[in-house]
Amino acid sequence: MATAQLSVQDQIRQLEGARKLVLGNAGYYTQVIQATLPIIGPSSLVEFRRWGAEFLAEAFATPAIAPGQKETLSLLVLETLKLLVEDVNQDVMVLRCIIQLAASIYPLVLRWIINNSYDTPTWERMTAIKTRILRIWDAAPSTIKICCIKFAQRVVLAQTQSINSEPRRGDVLDISLVLIPSNHPVLDAPKLEAEASGLLDRMLGILQDNSSDALVVDATLNTLSILVRNRPATSNRILNTVLNFNPLKLANSPLTSKNKVLVKSMEKTTRMLLMHLSRRNPQNPLTGRIQQYIERLMRSRAEIFDEGSRKRAMAEQADGVEAKRQRTGTMSTRPQIEITPLKPGPHTLADVFTFTTNDGLKHFNVGDNVPAPLAAKISVTTIAHIDSQLLDRAIQGVRDRLTTLNLTQPEPINPETAPLDVEEDEDDYEPDYYAAEDTEQILNKLDSSTSDEPRELEKPALGGLALPTFRLPPPPTLSTDQAARVGQAAIARVFNTMRTLEDPAVKKPKAGINRLAASSYDRDSWITVITRLATRANAGLDVPEEDEDVKGALPSTSLSDSIREMLFNYILEDFRKRIEVAVSWLSEEWYNDKVQQRSSPTPHDVPVHYEKWALRLLDGFIPYLHGQDKVLTRFLSELPELNPAILLRIKTLCRDPSLVNLSLTSLYYLVMLRPPVRNPALDAIQDIWTDYEDTRPMAAKYLQRWRPGFLEAAQQAIPGSEGSTGASTAAVVT
């Protein structure tokens, strides 16, 4: 059966699985590098080249691999490295990682050639790589230039004299010209040292030209510290160049925000380098000059960047002096606020809370001029920074105003008992006596008034100051796609939480069939919750494929399928340790399929998920199996159901001769210990005997016991092979 071609994303995912494998166990680096070199060659897709270049640069930079093993691996990748770096149309990201890889490999190849002078092709490849990198240095973008600077630093370190008088007893990582014998047939030590001196001058030329590219300048300065420490012979040249470098030269141009950042970065890197060198070697003759340079640099920086702030400080100080002269007495530090009593008459709620006397502020409508989010932000910020004493006085002032208004509130007038408008001090006044209007007269007067007259709304009196009940508006309705995205984000956070939970050091015994699921809040509990969300949350709601009208109204990917996809990726990240998760998940899928088929009036229309995801898991981890792997046998023995499609995947393992024993052993385990699937497993062994001739001796060993009639019929069906087949069968029986 021809397997489907994997997409680029799936292949990258498998490569990431290999990377995680070697990060967990560095012993697999050799196998993984050898297996991935054909995939990441110059003719591969750019995605594979980017992954391969980054992986190789990471592999040769890690301290987890011994130097001797790195030296052997460098010979394997050298040809691929040469082909990638010589491509004139190479991707920038690939080229950057390739140059970093070359910087790590160059000292290793040099040591190999020192000890194995016969291997001239290897040195020719390394020389071609070095020439190509140095040629593209000047015309490359800044991101490539900093990698070229790092490569040049490693070449200078390898091609100059070390301070270690006995290098073979010292640091194995310190590779220098001291290791090269005078009569070496390939390496010429004086020529290599002259080349290193030229590369150092090329690096220092960036500082001598007072380059304004802060990225390149910072990269150069950061590489010089190691050269001064490990190669003291170069220290005078480096220090003199750095002391003549002016990182503030860019400040002479218009000082924009970008230029400020660049100048500060170069100044700080230069200052940190010189301070580090002076502290590391206080007896250096140039220490005094370094200190003077640092002080002059700090003064210049202060004059450039602190001029504006110092001018403002002087102005504020002058204002403070004038205020001090006008002060006639001690001023209270307590915040002041003027709270005036309200004037007689009705007042609105705004009048009660207003303390300002500015008419313009009183009549300013915030709702019409300031957006609500901005007003809320200003209010919150103001309340957070306001003085607590000032806020307490304002609150107390509002309370006093409300109390005063409540005390002066007139009682409502009853028209039936209301007294006449007679003033006590005017006894000689005799008003006409009119009875108070009753309710009917008031209604008649209102009916007779014209309805077209514009009526001015009265301001609410104090009795209407009670705040109404505030209700939050209902949240906006989520669409199906939005709800699906929110659900996926929530499940992704659950997976992130689950990854942080480590496996317990001592596994607890199983609690039995009556245990409570997800009751301990550990990793197993979260797995139970996630698997049941995937299988049961959407149970019975799946739309058949032929129901297009309903299917169009639902999101393209359901939440359950998203959880299943996350579970699938989680298991394949480390399938050997997480095989229990796979079995638990597939058991839930099988149980859910059976329950849905039993409860549905049309069982054949119920979507089945168990077989689909079981086959996907097998296809996911079968490529990573080896002949001694027991995870396949365990996986098959614990699955709730084995169908012909699953057994067909096991039969295809026999295409690889190294996996024949694993395939037949797993099937024979099912024959021995799972009687319900004994016959399908024996049928699979028969098919293996029929389809793969190389497996017949081992398959006959199992069929001789359980199905001897098949072997006899097969012998009779093959003319001219009775003797050979009988001999092989007899050998198996004995």
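I call a residue buried under 20% relative accessible area, exposed over 50% and partly exposed in between, with a 1.4 Å probe and protein chains only. The model is predicted, so I take local features at pLDDT of at least 70 and side-chain atom pairs only at pLDDT 80 or more, while totals for chains, interfaces and linings use all residues. I number residues from 1 along each chain as its sequence is written, and side-chain values use heavy atoms, with hydrogens and water left out.

Entry: salt bridges. I count a side-chain nitrogen of Lys or Arg within 4 Å of a carboxyl oxygen of Asp or Glu. I find 27 of them in the structure.

I looked up Glu588 and Arg536, whose closest N and O atoms are 3.0 Å apart in a salt bridge. Glu588 sits in helix α24 (residues 579-599) and Arg536 in helix α21 (residues 523-536), so this pair ties together parts 52 residues apart in sequence. Helices here are DSSP runs of H or I with at least four residues, numbered from the N terminus. Arg536 is partly exposed at 37% relative accessibility, and Glu588 is buried at 11%.

I then took Asp138 with Arg202, a salt bridge with its closest N and O atoms 3.2 Å apart. Asp138 is in the loop between α6 (120-135) and α7, and Arg202 is in helix α8, so the pair ties together parts 64 residues apart in sequence. Asp138 is exposed at 55%; Arg202 is partly exposed at 28%.

Arg271 and Glu267 form a salt bridge at 2.7 Å between the closest N and O atoms. They are four residues apart in helix α11 (residues 257-280), which means a separation of about one helical turn. I note Arg271 as buried at 15% and Glu267 as buried at 1%.

I also note a salt-bridge network linking Glu16, Arg19 and Glu58.

Entry: cysteines. I searched the whole structure for disulfides (cysteine sulfur atoms within 2.5 Å) and found zero. The sulfur of Cys97 has its closest cysteine sulfur in Cys147, at 7.6 Å, too far for a bond. Cys147 is in no disulfide either, the nearest cysteine sulfur being that of Cys148, 6.9 Å away. Cys97 is buried at 13%, and Cys147 is buried at 5%.

Entry: His184. I place His184 in the loop between α7 (142-158) and α8 (189-208). His184 is buried, at 9% relative accessibility. Its side chain reaches the backbone oxygen of Ile113 at 3.0 Å. Beyond neighbours within four places in sequence, His184 is in contact (heavy atoms within 4.5 Å) with Ile113, Ile114 and Ser117.

Conventions:
Helix = DSSP H or I, 4+ residues; strand = E, 2+ residues; numbered from the N terminus. Polar contact = N/O pair within 3.5 Å; in protein donor to acceptor, adjacent residues only side chain to side chain.
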